[in-house]
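Open the model in your viewer and keep the selection panel handy. We will go from one chain as a whole to a few of its side chains.

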Amino acid sequence: MHFSEDDLRGALKRKDPGTGFTERVMAGVAQRKEGPSTTKPSRSRFAWLQPLRLHPAISSAVAVLLIVAGAIGYEQYRQNEIARQHAEIERQQEAARQTIFALKIANQKLTHVFERVKQSETNDSKIRRQRL
Amino acid sequence: MDDQRQLRLRSALERCVQGESSYFAEIVREYQAMVFSIALHYLADPSLAEDLAQEVFLELYQRIKGIQSADHLTYWLRRVTVNRCIDYGRRKKRRSETPLEDSPEPAAAHNPADELLIGRLMESLETLEEKQRMMVILRYQEDLGPAEIASLMKIPVNTVKSTLHRTLEELRKKLTRKLREVRYALF
C-alpha cells in the first residue's frame, strides 16, 4: 500500500486538546502559586535537601571543608582528653604524696610518745630500787 | 511565525517574565495544539497526552524567566515534550498492533479510503521504535528538517536522515503486509 509524504502530514495534523485545557493548566498554575501545602507531596524523603543543591564543584569543596573541620575537631578533642588524663594522674600522685607525708608526721609523733612512755617506765623502776 | 503573532507572543512572554501570570494563558492557547499533538501521536492515548501536555506547561511556568524569545520558547516546548514523551513511552507498556477501532480518531479525511489509510498509518506508527516514531512526528507534524530534529533529539544529523529513510520503507512494508492480510481475510 503506497502513501505519500502528504498522506503522512495529513495523518499527523495538529489537533487541539479538549475544551477547558487552558483553564485546567491555569488552575494548576494557581495551585503552584498558593504554596507547598496544595502541591503533591514530595516523593523523596530527602526532598528537604533540595534547596541545598549546589554546583558539583562547590558541593565537593563544602564536603572537603566539612571533613577537614571534622578532623581538626577530633584532634583537638584527643589532645584535650590526653591533657585531662595527665592532670588526673598528677592529682592522684599529689594526693599520695600528701598521704605519705601525713603518715610520716603521725609516725614521728607516735615514736616521740613511745619514747616518753619508755623514759617514764625507766624512771619508775630506778625510784623503786632506791627505796629498797 | 508571522510578525503580528511574534509581536503578540513576545509581549505576552515579557509580561510573564515580569510576573504577570495572567498572560501565561495566551502562551498556553498559542502552543497547546503543538504540545498536545506531539504527545497524542506518540502515545496514542488522548488522556495521557493531555496529562503530559499539562505537565509541560506547568514546567514552562516554573522556568519562564529563562525563556529569551518566541523562537526559544518553541524550541524549549518541543524539546521538553519530546523528552517527556519518550520517558512516558518507556514507562507505559508497549502496545502490540492495535485494531483500527481502538486507535485514536484519525484526522478529518475527504473520503473513506483516505480515512482507512490514515488509520492504518497511525496503527503502524505505534509499532515503530521510540526514536523512529518521534522523528516521523517531528518531520511530518512539525515540518522540521533533519538538522532541527537532530538538535532537538541530540542525535547526529546523518543518523536522523538514515533513520527517516529506513522508517518510511518500514511503514510501506507494514502497510503492504496489512493490505495482503485484509485480502486473504476477504477471499
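Helices here are DSSP runs of at least four residues in state H or I, strands are E runs of at least two, and both are numbered from the N terminus. The model you are looking at is predicted.

**Stop 1: chain B as a whole.** You will find eight helices and zero strands, so reading from the N terminus gives α-α-α-α-α-α-α-α. Of its 187 residues, 49% are buried. Looking at contacts between residues at least 6 apart in sequence, 64% link residues at least 24 apart.

**Stop 2: the nonpolar core.** Next, select F24(B), I27(B), F57(B), L60(B), L77(B), L138(B) and M153(B). These have the most contacts inside the largest nonpolar core, a set of 65 residues. Helix α2(B) supplies the largest share, with twelve residues. Colour residues 1-92 and 113-187 of chain B separately: these are domain 1 and domain 2, and because both contribute residues, the core lies between them. As background, nonpolar side chains tend to be buried together in soluble globular proteins.

Stay with L60(B) for a moment. Which residues does L60(B) touch, leaving aside neighbours within four places in sequence? Show F24(B), I27(B), I67(B), L73(B), W76(B) and L77(B), and you have them.

**Stop 3: two aromatic pairs.** Over all chains, the structure contains two aromatic pairs. For one of them, select F21(A) and F57(B): the arrangement is edge-to-face, with 6.0 Å from centre to centre and 70 degrees between the planes. Why does this pair join two chains? F21(A) belongs to helix α2 (residues 21-34) of chain A, while F57(B) belongs to helix α3 (residues 46-63) of chain B. F21(A) is buried at 1% relative accessible area, and F57(B) is buried at 0%.

Then move to F24(B) and Y61(B). Their ring centres are 5.2 Å apart and their planes stand at 75 degrees, so this pair is edge-to-face. F24(B) sits in helix α2 (residues 24-43) and Y61(B) in helix α3 of chain B, so the pair ties together parts 37 residues apart in sequence. Both F24(B) and Y61(B) are buried.

**Stop 4: arginines over rings.** Finally, select R133(B) with Y42(B): the arginine lies over the ring face, 4.4 Å from the ring centre. R139(B) likewise lies over the face of Y140(B), at 5.5 Å from the ring centre.

How values were computed
Residues are numbered from 1 along each chain as its sequence is written. Chains are lettered from A and ligands numbered from 1 in the order in which they are written. This is a predicted model: local features need pLDDT of at least 70, side-chain atom pairs count only at pLDDT 80 or more; totals for chains, interfaces and linings use all residues. Side-chain values use heavy atoms; hydrogens and water are left out. Rings of Phe, Tyr and Trp (its six-membered ring) pair if their centres lie within 6.5 Å; planes under 30 degrees apart count as stacked, over 60 as edge-to-face and the rest as tilted. Buried means under 20% relative accessible area, exposed over 50%, partly exposed in between (1.4 Å probe, protein chains only). A charge sits over a ring if NZ of Lys or CZ of Arg is within 6 Å of the ring centre and within 35 degrees of the ring normal. A nonpolar core is a set of buried Ala, Val, Leu, Ile, Met, Phe, Trp, Tyr and Cys residues joined through side-chain atoms within 4.5 Å. Domain bounds come from an automatic or database domain assignment. Contact means heavy atoms within 4.5 Å.
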